[in-house]
Amino acid sequence: MPEIGIGLIGTGFMGKCHAMAFQNAASVFNTALRPRLTVVADIDEAAVSNFAGQFGFGRWTTDWTDLINDPHVDIVAITTPNFLHKEMALAAIAAGKHVYCEKPLALTSEDAHEMTQAAERAGVKTMVGYNYLKNPATALAREIIASGEIGDVVHFRGIHNEDYMADPAVPHSWRCTRDLGGTGALGDIGSHIISIALYLAGDIRAVNAQMQTVIEARPDPASPGAALPVENDDQTHAMVTFESGAMGTVECSRIAQGRKMHLAYEVTGTKGSIVFDQEQMNELHLFTAADQHRLGGFRRILIGPDHPHYGAFCPAPGHSLGFNDQKVIEVKCLLDGINGDETALYPGFRAGYEIEKIIDAMIRSDAEQAWVQV
Ligand code: NAD
């Protein structure tokens with residue numbers, strides 16, 4: 001099996017998730033290309049040297065440009081804070097590497113556009129880490145919608161609420177500033193539910209959004225007793241109109257007390273509905289009007305080997321996949337794409353750019369208190 005060299009930048013939450021996925025994708029899916037953990041980079045020397053040993057990377061560095069210039073690296077995986085994505089991706093593209101970048105793709109749609117054009121001009125393959133699209137339950141939802149089983153989609157209701165910043169004592173970080181994080185809840189998690197809205201209900205034509213910072217200052221981690229201002233949204237919600245004419249709503253919050261991974265959607269069609277919540281990520285609920293008089297309610301579908309990608313992990317239905325398995329599927333799609341299957345490369349940079357355009361439209365809509373065309 002031919003090997004493909006991996007250069008991973010960042011060893012935090014997503015760095016570990018990517019490393020595990022690169023380790024497992026070839027074994028789980030018997031992919032044509034086998035990832036080789038070539039170099040890992042992080043500015044934290046102790047963390048990166050330890051991480052390299054933990055995962056078996058060939059070497060480590062504290063200089064990400066050294067990783068990009070390594071001739072044995074074919075794919076650059078970027079898992080650093082948002083403000084670094086553009087510079088790192090453009091450098092990787094200029095060096096002719098494929099790029100696997102965490103979401104949100106960039107701080108603005110202009111930056112995302114520049115990255116997309118550079119990748120397309122260079123002919124390198126790209127993937128953006130909207131991993132919830134890889135959940136077999138959501139892939140099944142897309143198949144059901146495409147089959148016409150719930151008729152024409154007339155409404156999409158999407159939520160991504162968590163409580164990771166609900167406590168005002170959570171310190172200030174790059175996530176709270178416009179220059180380093182971009183938007184707040186909207187870019188961090190709202191971008192995920194927007195990715196699902198597009199995947200299930202198609203392009204969004206117009207938005208009418210409200211954004212709000214609720215906790216206006218947070219403790220400065222560098223200076224005990226001092227506080228720094230929070231510059232971006234804790235919660236955002238929007239009405240949206242799809243190109244199809246369907247209506248929808250999208251909301252996100254990082255201060256939703258009690259919500260841990262409430263990425264949820266309800267798709268209403270003319271002949272049925274689909275309901276999903278990532279906190280029960282192995283279940284999809286389907287109602288069809290054809291069932292109305294026989295069953296009268298939703299069917300609870302437990303994900304199994306009949307559904308996209310599940311069978312490679314486990315031959316038995318209902319045994320459940322987890323968060324990290326979505327990333328294994330994402331890496332499998334990236335490897336398939338690099339091996340020639342262009343259809344596997346979704347969402348690439350162009351799709352990431354489409355999401356940034358919607359985020360930008362929501363920012364403008366909030367400022368103008370008006371409907372805005374995307
Ligand atoms: P994190 O803080 O846990 O990790 C970031 C890492 O980047 C740290 O190890 C840090 O030392 C390193 N780093 C910072 N500057 C660097 C530099 N100049 N060179 C090399 N390394 C550097 O953050 P995280 O939660 O892993 O988030 C990282 C990215 O992943 C963000 O863009 C975030 O939006 C995204 N993310 C995606 C998901 C998902 O479900 N797809 C979940 C969480 C985070």
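**Pockets and ligand at a glance**

Let's start with the largest pocket: 36 residues line it, and F13, M14, T79, W174 and R175 lie nearest its centre. This is a predicted model, and the ligand takes up the space of that largest pocket.

**The largest pocket**
- Its volume is about 800 Å³.
- Helices α1, α4 and α8 each contribute at least two residues to the lining.

**The ligand and its shell**
- The ligand is surrounded by 28 residues, with M14, D42, N82, K103 and N131 the closest.
- Backbone polar atoms come up to the ligand in several places: that of M14 is 2.9 Å from a ligand oxygen, that of G12 is 3.5 Å from a ligand oxygen, and that of G129 is 3.0 Å from a ligand nitrogen.
- On its own the ligand exposes 850 Å², and the protein buries 84% of that.
- Two or more shell residues come from each of α1 (13-29), α4 (85-94), α8 (185-201) and α9 (323-338).
- Sorted by class, the shell holds 12 nonpolar, 10 polar and six charged residues.

**The second largest pocket**
- This pocket has a volume of about 280 Å³.
- It is lined by 16 residues, and K134, Y199, H309, C333 and T343 are the closest to its centre.
- Both α6 (136-146) and α9 supply at least two lining residues, with α6 giving the largest share, four residues.
- The lining of the second largest pocket comprises eight nonpolar, two polar and six charged residues.

Notes:
Residues are numbered from 1 along each chain as its sequence is written. This is a predicted model: local features need pLDDT of at least 70, side-chain atom pairs count only at pLDDT 80 or more; totals for chains, interfaces and linings use all residues. Side-chain values use heavy atoms; hydrogens and water are left out. A residue is near a molecule or strand if one of its heavy atoms lies within 4 Å of it. A polar contact is a pair of N or O atoms within 3.5 Å; within protein, one must be able to donate a hydrogen and the other to accept it, and residues adjacent in sequence count only if both atoms are side-chain atoms. Accessible areas come from the Shrake-Rupley method with a 1.4 Å probe; for residues, only the protein chains shown count as cover. On a 1 Å grid over the protein atoms alone, a cavity is a set of points where a 1.4 Å probe fits but cannot get out, and a pocket is an open set with protein on both sides within 12 Å along at least five of seven lines; lining residues have an atom within 4 Å of a point. A molecule sits in a cavity or pocket if more than half of its atoms lie within 2 Å of its grid points. Ala, Val, Leu, Ile, Met, Phe, Trp, Tyr, Cys and Pro count as nonpolar, Asp, Glu, Lys and Arg as charged, and the others, Gly among them, as polar. Grid points are joined across faces, edges and corners, and a volume is the space filled by probe spheres set on the points.
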